[in-house]
Amino acid sequence: MIIIADSGSTKTDWCVVNHGKQIERITTEGTNPFFQTEEEISQVVKDKLMPHLDGVKIDAVYFYGAGCAFPEKNEIVHNAIYRHIPVTIEVGSDLLAAARSLCGHKAGIACIMGTGSNSCYYDGKEIVNNISPLGYILGDEGSGAVLGKLLVGDCLKNQLTPELKEKFFNRFNLTPKEILDNVYKKPFPNRFLASVSPFLIENIEEPCIHRIVLNGFKNFFTRNVMQYDYKNVKVHFIGSIAYYYKEVLEEAALALQIELGTIIKSPMEGLVEFHSTL
């Protein structure tokens, strides 16, 4: 049996697979070696994953995660898991997971649009080009964190209607001071910003809300996707934002004459198929 893990900044899905079939799915908090130490990640594995694996023989672990694009960061995750599951462990980026899941063995542009965003050109075997996402402060266009940041900024700068502004504060039981504390003083401000982004889809018919989302997606396309060979391959998406805002994403793509392919919420099904055909 093998474990395939798909980890983002918000949560990690661990899937136990036997001969191409999913046996069990375990969800733990997200891991990211840019923000967490080996000890912290190891503690998550020990406390949240291992109790579900009592008596289960694991032969290999394939871990795909946010922040796992550099050897030194991958080593942190590898060592944290190996402490508890001493088997062959392959650590790859969440972007590689998206590419393998969405494109399989064919060329295409694979994009992630969840709490964060990312994109790449995949030639059917490996990622050959990647425009750096740069994180939610400098980039991550179209992501939940950035859309949430734009929403909060418009709310606090009175760019929403008074009714929508009041509705936002009531929806999350927040005050302006609490928002600023979450963004500037507390850990993981990206998670906080992404957590308020559902307000956008709940009020997407409001012109000012629709504009935030549409412009955010257009920015993602122009600043990322349109730097690849997008005219000759389809553009595929994975992630909660792409999935739930599909109609607005399609609207943005149409405006820029970009052909979309698959849009799914999670890469796991495609990863299970990919690893069962190796």
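**Figure 1. Lys167 in helix α6.** Lys167 lies in helix α6, which spans residues 162-172. The model shown here and in every other view is predicted. Is Lys167 buried or partly exposed? Lys167 is partly exposed, because its relative accessible area is 44%, and the buried class ends under 20% while the exposed class begins over 50%. Now look across to Phe199. Lys167 and Phe199 are 32 residues apart in sequence. In space, their C-alpha atoms are 9.3 Å apart.

Figure 2. Side chains of opposite charge can pair when their charged atoms come close. Here the side chains of Glu202 and Arg171 meet in a salt bridge, with 2.7 Å from N to O. Glu202 belongs to helix α9 (residues 198-202) and Arg171 to helix α6, so the pair ties together parts that are 31 residues apart in sequence. Glu202 counts as partly exposed, at 41% relative accessibility. Arg171 is partly exposed too, with a relative accessible area of 39%. A search of the whole structure finds eleven salt bridges.

**Figure 3. A salt bridge between Arg223 and Glu141.** How far apart are the closest N and O atoms of Arg223 and Glu141? They are 2.6 Å apart, and the two residues form a salt bridge. Arg223 lies in helix α10 (residues 207-223), while Glu141 lies in the loop between α4 and α5, so the pair ties together parts that are 82 residues apart in sequence. Arg223 is partly exposed, with a relative accessible area of 44%. Glu141 counts as buried, at 10% relative accessibility.

**Figure 4. Ser143 in the loop between α4 and α5.** Ser143 is found in this loop. Ser143 is buried, because its relative accessible area is 0%. Compare the position of Lys125. Ser143 and Lys125 are 18 residues apart along the chain. Their C-alpha atoms are separated by 26 Å.

Figure 5. How many of the ten residues of α3 are buried? Ten of ten are, and the helix is mostly covered. The buried residues of α3 include Asp94, Leu95, Ala98, Arg100 and Cys103. Arg100 has a relative accessible area of 15%, so Arg100 is buried. The side chains of Arg100 and Glu90 meet in a salt bridge, 3.3 Å from N to O. Arg100 lies in helix α3 (residues 94-103) and Glu90 in strand β5 (residues 88-93), so the pair ties together parts that are ten residues apart in sequence. Glu90 is partly exposed, with a relative accessible area of 32%. Gly104 follows α3, and the phi of Gly104 is positive, near 60 degrees.

Figure 6. Strand β9 covers residues 235-238, and both of its faces are covered. Val235 and Phe237 are buried on one side. His236 and Ile238 are buried on the other. Which strands pair with β9? Strand β6 (residues 108-113) runs parallel to β9, and four bridges join them. Ile109 has Val235 in β9 as its bridge partner. Strand β10 (residues 260-264) pairs with β9 in the parallel sense, over three bridges. Phe237 has Ile263 in β10 as its bridge partner.

**Figure 7. The second largest pocket.** Rolling a probe the size of a water molecule over the atoms shows where empty space is left. The second largest pocket holds about 230 Å³ of space. Residues lining this pocket include Tyr136, Lys149, Gly153, Leu156, Ile179, Val183 and Leu193. Which elements give two or more residues to the lining? They are α4 (135-138), α5 (144-156) and α7 (176-184).

**Figure 8. A nonpolar patch on the surface.** Phe34, Phe35 and Phe70 form this patch. Together they have about 330 Å² of accessible area. Phe70 is found in the loop between β4 (60-65) and α2 (71-82). Phe70 is partly exposed, because its relative accessible area is 40%.

Definitions and conventions:
Residues are numbered from 1 along each chain as its sequence is written. This is a predicted model: local features need pLDDT of at least 70, side-chain atom pairs count only at pLDDT 80 or more; totals for chains, interfaces and linings use all residues. Side-chain values use heavy atoms; hydrogens and water are left out. Patches are made of residues with over 30% relative accessible area and no salt bridge: like charges are joined within 9 Å, nonpolar side chains (Val, Leu, Ile, Met, Phe, Trp, Tyr) within 5 Å. Accessible areas come from the Shrake-Rupley method with a 1.4 Å probe; for residues, only the protein chains shown count as cover. A salt bridge is a side-chain nitrogen of Lys or Arg within 4 Å of a carboxyl oxygen of Asp or Glu. Buried means under 20% relative accessible area, exposed over 50%, partly exposed in between (1.4 Å probe, protein chains only). Two strands pair if DSSP finds at least two bridges between them. On a 1 Å grid over the protein atoms alone, a cavity is a set of points where a 1.4 Å probe fits but cannot get out, and a pocket is an open set with protein on both sides within 12 Å along at least five of seven lines; lining residues have an atom within 4 Å of a point. Grid points are joined across faces, edges and corners, and a volume is the space filled by probe spheres set on the points.
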